[in-house]
Amino acid sequence: MGDQFTPTKDEKFTFGLWTVGNRGRDPFGEAVRDTISPIRSLEKLSKLGAWGVNLHDNDLVPFGASLQERNRIVKEFKKALDDTGMVVPMATTNLFYHPVFKDGAFTSNDKRVRHYALQKTMQAMDLGAEIGAEIYVFWGGREGTEVDASKDAREAIKRMREAMNFLCHYNIDMGYGYKFALEAKPNEPRSDIYFPTTGHMLAFIETLDHADMVGVNPEVAHEQMSGLNFYHVVAQAIEAGKLFHIDLNDQKPGRYDQDLRFSSESIKSMFYLVKLLEESGYNGPRHFDAHAYRSEDEEGVWAFAHGCMRSYMILKDKARRFEEDPEIQGILKELKSLGSDSPFDTANYNSATAEALKAASFDIDNIAKLGLMYEQLDQLVIDLLLGIR
Ligand code: GLT
Ligand code: MN
Ligand code: MN
């Protein structure tokens, strides 16, 4: 029996096939779970209340499959989508697994690799379009270096721009209408990855031929690996009109990319994130890019998937309570009205305002004495999150 936190398809929860399909392999040990087929994932996730799945080309069609094989797999998968009422809102390319990508894909020093990466991406875009994807993610996991002598970092940026421009043109040429979403990560599997944060991506996007077509896909773990405040990262992306997709998971500070169950660690940060997503009117998928602990069997995988969605639902409810809490709202109202009688209109510049502002006197010693009630406010949030409010 469900409760008020039981997910429904209206929430637009999605999982990468690679997430529930993660077999627990790590650099020190073999797989601990059997493969879960894409069709089984669709069935199980649909029953749990998810809206859809996302995939890399090779999560569905094995590397090197014949055309005939590919078409058979796609046909069966499309039937399973219909049967389960699931959708595929996002697709992406695996440009990191095969050894040919050991020095990057779009930024490789070998021009043939750069061109092969474009070919593989175009084919994967064709596949995504065939199964209804509208968002296309680019995660350049291998686009980096260990040896900076090997590549001028400015050249790598230019190569990435050339690839993105080419693929934007292909998107237009084919009439696919994809929105491209660039995903940053600071390191792992490379020692240093180019465009290490979402902020770097946002700056890069503005230099592209079709900047409008391109936004970001921030991932909780990746920004937290850099010690950044994920809520601030996403707020900037939203404010710029560039949040095209999001990778939800969790991460402990100072570790490798853990891809933990959503909100299993940074409860307070994830509260502000969910509150932001819900209040901003972000209408895209709530995508989980995480995986179950290596200790788990298949049951544990479904418990993990359920847990990601459940925590989101709980935090969404907490966000509603925050909005309805008279004490919290009372403090916020006071904070918003601080100094509201200051008579200058600085939203629109004119020289008269500038002159008047330069001549004005401010009672800064008195202003500085004012306590801001942040201690009280933060404790109210803690009370709320810990369930006694
Ligand atoms: C890979 C990576 C993720 C990316 C996926 C999309 S693949 O699992 O760790 O962060 O979002 O390419
Ligand atoms: Mn990701
Ligand atoms: Mn990750």
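Reader: Which residue coordinates both the manganese ion (ligand 2) and the manganese ion (ligand 3)?

Author: This is a predicted model, in which local features need pLDDT of at least 70, side-chain atom pairs count only at pLDDT 80 or more, and totals for chains, interfaces and linings use all residues. Residues are numbered from 1 along each chain as its sequence is written, chains are lettered from A and ligands numbered from 1 in the order in which they are written, and side-chain values use heavy atoms, with hydrogens and water left out. The two ions lie 4.6 Å apart, and the residue that coordinates both is glutamate 219.

Reader: What arrangement do the 6 donor atoms form around the manganese ion (ligand 2)?

Author: Donors are N, O and S atoms within 2.8 Å of the metal (3.2 Å for Na, K and Ca), and since water is not among the atoms, sites may look incomplete. Glu183, Glu219, Asp247 and Asp289 coordinate this ion at 2.0 to 2.2 Å. Six donors count as octahedral if opposite ones are over 155 degrees apart and all others between 65 and 115. Because the angles here run from 75 to 165 degrees, the arrangement is octahedral.

Reader: Which polar side-chain atom lies 2.6 Å from an oxygen atom of ligand 1?

Author: A polar contact is a pair of N or O atoms within 3.5 Å. Tryptophan 18 has a polar side-chain atom 3.4 Å from an oxygen atom of ligand 1, and aspartate 289 has one at 2.9 Å. The atom at 2.6 Å belongs to glutamate 183.

Technical notes:
Four donors count as tetrahedral if all angles lie between 85 and 135 degrees; four count as square planar and six as octahedral if opposite donors are over 155 degrees apart and all others between 65 and 115; anything else is irregular. A polar contact is a pair of N or O atoms within 3.5 Å; within protein, one must be able to donate a hydrogen and the other to accept it, and residues adjacent in sequence count only if both atoms are side-chain atoms.
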